[in-house]
Amino acid sequence: MAIGTTEFDPARPLFIAGPCVIESAELLDEVARELVRLRDGLGVQIVFKASFDKANRTSLASFRGPGLERGLRMLADVGERYGLPLTTDIHEPGQAAPAAEAVDILQIPAFLCRQTDLLVAAARTGRVVNVKKAQFLSGADMRYPVEKVRESGNDRVWLTERGNVYGYNNLVVDFRNLADMAAFTPRVIMDCTHSVQRPGSAGGATGGDRQFVPAMALAARAFGANGYFFEVHPDPDRALSDGPNMLPLQQLEGVIRSLL
């Protein structure tokens, strides 16, 4: 199927999963094979996610990924070989057009959800634009990023909840945000792994509490979410980014089954 032509049924739950960042082709293959198995075995809509560049790491020394050109080639290879729709995050307006040639959904990071030029550039590609809610905004505030995308000629816009800043080095989720955002878009996604982060709490890196990921997903379902985002890794403790809040890959099936 051509990039960007996948139709996602809003009446069915959607699952987005993959490693935080592209670490190697072998990691992408291992995760993609599992997602295909789950897609075929459970009959679910599932999207492969990985970042080509983590531009917002805590430390300059932190691993960022292979970069735009090589990373997009690696993602496109996953899409071609496994038949999975793809998503990745972009950080600058100039990344929108090249990313849209490789992936079906452009993800706008939470910190950047008010960046007008980034939203407009993403919208003009015609791809689905998934905007993550900033940690400092309410669900009701997200009507304005949605308007920016739609007024740029693109009605294919989704919203994702990922928690709010709660003091220092902590997040809390107000699940009412899901219902508020559902007033603006037919697809409201719960980021079940980033919402359990403890930003900057691990000595120059982000910590997290991955044991709460399954409960975050179930709570979001009760509040009307119809999409679920999971960063997964075969060995999160050895992951090069976001390990403390990533779900072990082997646990993904059980969490998806609980949501079905």
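Predicted model: local features only at pLDDT ≥ 70, side-chain atom pairs only at ≥ 80, totals over all residues.

**From the strands to the core**

Within E3, Thr 87 is the bridge partner of Lys 49. To get from E2 to E3, the chain crosses through helix H2, residues 68-82. This β-α-β crossover is right-handed.

Now look at E1, residues 14-18. E1 also pairs with E2 in the parallel sense, here over 4 bridges. Leu 14 stands opposite Gln 45 of E2.

How many residues of strand E2 are buried? The count is 5 of the 5, residues 45-49, so E2 is largely enclosed by the rest of the structure. In a regular strand, side chains alternate between the two faces of the sheet. In E2, Gln 45, Val 47 and Lys 49 point one way. Ile 46 and Phe 48 point the other way. All of them are buried.

Phe 48 leads on to the largest nonpolar core, which has 68 residues. Phe 48, Met 190, Tyr 228 and Phe 230 touch the most other members. H1 gives the most to this core, with 7 residues. Apart from this core lies another, of 9 residues, including Phe 8, Leu 14, Val 128 and Trp 158.

Finish at Phe 230. Leaving aside residues up to four places away in sequence, its contacts include Phe 15, Ile 16, Ala 17 and Gly 18. Cys 192, Val 213 and Leu 259 are also among the residues that Phe 230 touches.

Note on methods: Residues numbered from 1 in each chain as written. Heavy atoms only, no water. Buried < 20%, exposed > 50% of the residue type's maximum accessible area, 1.4 Å probe, protein only. Helix = DSSP H or I, 4+ residues; strand = E, 2+ residues; numbered from the N terminus. Pairing = 2+ DSSP bridges. Right-handed = clockwise from strand over helix to strand, strands pointing away. Core = buried A, V, L, I, M, F, W, Y, C linked by side-chain atoms within 4.5 Å. Contact = heavy atoms within 4.5 Å.
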